[in-house]
Amino acid sequence: MPDDTPTPEQIRARADALRDERRWAEAAEAYRDYLALRPQHWELHVQLGHAVKELGEVEDAIGHYRHAGTLAPLAADPRLQEGHALRLLGRGAE
């Protein structure tokens, strides 16, 4: 009997497609599904941050960006995105 469970790659592709369609709530859910299987994928924590930021959950987005930064301490993108989110909250000095 075939297994209809989507692969992590299929989940990611769906999440990215939903993001591209600006369907933020669904994209966030799909990114969470992916990250449940691949929790060390820092780039997808950044994408989840983007999705929740677009939903107006900027504080949550900062948490996702910071987590991505702990997974990839030499990567600049998580810190850059965190800075953008902090500015949205009027906390750019942080």
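Leaving aside neighbours within four places in sequence, Tyr31 is in contact with Ala15, Asp16, Arg19, Leu44, Gln47 and Leu48, where contact means heavy atoms within 4.5 Å. The structure is a predicted model, in which local features need pLDDT of at least 70 and side-chain atom pairs count only at pLDDT 80 or more, while totals for chains, interfaces and linings use all residues. Residues are numbered from 1 along each chain as its sequence is written, and side-chain values use heavy atoms, with hydrogens and water left out.

Tyr31 and Leu48 have the most contacts inside the largest nonpolar core, which has 22 residues. A nonpolar core is a set of buried Ala, Val, Leu, Ile, Met, Phe, Trp, Tyr and Cys residues joined through side-chain atoms within 4.5 Å; buried denotes under 20% relative accessible area, exposed over 50%, and partly exposed in between (1.4 Å probe, protein chains only). At least two residues of this core come from each of α1 (8-20), α2, α3, α4 (58-71) and α5 (77-88). The largest contribution, 7 residues, is that of α2.

The protein chain contains 5 helices and 0 strands, in the order α-α-α-α-α along the sequence. Helices (H or I, at least four residues) and strands (E, at least two) are DSSP runs, numbered from the N terminus. Along its principal axes, the C-alpha trace spans about 55 × 25 × 15 Å. Of the 94 residues, 40% count as buried. Among contacts with a separation of 6 or more, 40% are accounted for by residues 24 or more positions apart.

His41 lies in the loop between α2 (24-37) and α3 (42-54). This residue counts as buried because its relative accessibility is 18%. Not counting residues up to four places away in sequence, His41 touches Arg12, Tyr34 and Leu35.

Helix α5 has 12 residues and reaches 17 Å from its first C-alpha to its last, close to the 16 Å expected at 1.5 Å a residue; the expected span is 1.5 Å times one less than the number of residues. Pro78, Gln81, Glu82, Gly83, Ala85 and Leu86 are the buried residues of α5, and they pack against α3 and α4. Just after this helix, Gly90 takes a positive phi of about 75°. Gly92 is placed in the segment after α5 and is partly exposed, with a relative accessible area of 45%. Apart from neighbours within four places in sequence, Gly92 is in contact with Leu86 and Arg87. A distance of 12 Å separates the C-alpha atoms of Gly92 and Ile62, which are 30 residues apart along the chain.
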